[in-house]
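Here is a quick tour of one protein model, written for someone who likes to see the cut-offs. Have the structure open as you read.

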Amino acid sequence: MPQHPQVDFDCDDRDVTRYTWFAFWYSTSSWLAERGYTLFEYRHHWGDSYLGHVTHWAPKLNNVSVSDVEHPFSKTGGDPEGLPVSPLSADCIAERIGFAQDSLERHVALRLTKKSSDEYKILQFLIEQSVGLSLERFEGVLPHLDLLDFGDHSIVVMPRWGEDAFHPWFSTIGEAIDYMRYWLKGLSFLHKHHIVHRSGNILVNHFGAFADNSSNDLRRKLRRDGRLVYAIMDFDISMIFPPTATREECRLPSHLSWIGGQSQPHDTRQGELDYDPFAFDVGCLGVLFCECFQHFTRIVPMFAPLMDRMTTRDISRRFTASQALEFLESFASELTLEQLEFPAPPWNPTLPPYDKYDRWAGLPDTFIKDWDNFREPKPTFQIRLLRQICDCRICDYEWGYKLVQWVRRIIRFCQKRDTRVRLPKTISPN
């Protein structure tokens, strides 16, 4: 039997070169074959006006597109003709991800992780609980099939799902609501089990050649027929807290909020020392919803209170993931078929940021009055002043932010010495 793979680099280091990853995945080929997985091979496409020079993964085994497969595996194909890459090929941008086919020639994705990491603990839990393997009780989280342990590391095996969940863009309001529902369902499940996602990645149960999903007619049809399923994935920076910890005890240092996706609320922009990671997850998702759908509010006014309550600066009033899901389901169930089938406005990247755009503009006065309690007020003078100070820099040194944090530490120290003030106990992740 081939020796297990050797990992002579830090798989969490974002600066590991592409060639190091290529060499690692190639070194696993025989070891994976012993376990029933045939690794894809790397192929090079030398430049043209369409793609330029790219390296991609290409399947070695049967490469026939299949539009009718059983969950949790993906439907495949639907690419336009003439793409200058191998059919069902995979991108090499995320070198930490490898691709293979199992003994039944189904496509799987592979990911290297450390057995000492929170990611490994989370994946163990998901596999033990058979999370996502059944569509009847699908939790909105990507199914995971196996953990191939060796030494201090493990290769997690997942069904290969597709990227670019926005492409092609949503045809109707109902399709956009389905996307939001899966996101909230997945985040609610993770939070219920004390898992903080801290990422913004979601996949769909369809893929074609990586080069172009925006014109993939099969994916458009699957979405239209309600057969496109979305799932949260990527737990490399996720954390899991002890099951006995209360939400008030689950806090993280503020600098950790800067790691992850670009769609982030301003929870730590005022020099906060720590933050609530579960509320931050919801805030990040709320910002993402705003970036995609905040210009939909004139068609579905209830999007305005949903988005405002998911991104409010008042953390005590911010929806939990389960509350946001319940709120969405409540108003979505009252929409008429005509409203659900209403054409979705196109993506508009030129809109102002989530905290600058007026989602309530043009809505009926009676609606605004009824839901005024959900409407997010403008930042107070104190918040604006703190942000101005925190934004002050000298030669990239964030002296303003450091100053505000220094003052906050002094205040917290004084509060700890004052027996009349009871600060919450905090608990670190496992």
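Ile394, Tyr397, Trp399, Leu403, Trp406, Val407, Ile410 and Ile411 make a nonpolar surface patch of about 780 Å². To join a patch, a residue needs over 30% relative accessible area and no salt bridge, and nonpolar side chains (Val, Leu, Ile, Met, Phe, Trp, Tyr) are joined within 5 Å, like charges within 9 Å. Areas come from the Shrake-Rupley method with a 1.4 Å probe, and for residues only the protein chains shown count as cover. Isoleucine 410 sits in helix α12 (residues 399-417) and is partly exposed, at 39% relative accessible area. Here buried is under 20%, exposed is over 50%, and partly exposed is in between (1.4 Å probe, protein chains only).

A word on the ground rules: this is a predicted model, with local features needing pLDDT of at least 70 and side-chain atom pairs counting only at pLDDT 80 or more, while totals for chains, interfaces and linings use all residues. Residues are numbered from 1 along each chain as its sequence is written, and side-chain values use heavy atoms, leaving out hydrogens and water.

Zooming out, the protein has 12 helices and 16 strands, taken as DSSP runs numbered from the N terminus (helices H or I, at least four residues; strands E, at least two). Of its 430 residues, 50% count as buried. The protein exposes about 21500 Å², with carbon and sulfur atoms supplying 52% of it.

In helix α1 (residues 18-27), Trp21, Phe22, Phe24 and Trp25 are buried. They lie on the same side of α1, because they cover an arc of only 165° around the axis, going by the directions from the helix axis to the C-beta atoms.

Now the charges. There are 24 salt bridges, each a side-chain nitrogen of Lys or Arg within 4 Å of a carboxyl oxygen of Asp or Glu. Three of them:

| Pair | N to O distance |
|---|---|
| arginine 137 and glutamate 139 | 3.3 Å |
| lysine 221 and aspartate 225 | 2.7 Å |
| arginine 359 and aspartate 308 | 2.8 Å |

Arginine 359 is buried at 5%, and aspartate 308 is buried at 3%. Elsewhere, Asp10, Asp12, Arg14, Arg96, Arg111, Lys114, Glu119, Asp234 and Asp236 are linked in a network of salt bridges.
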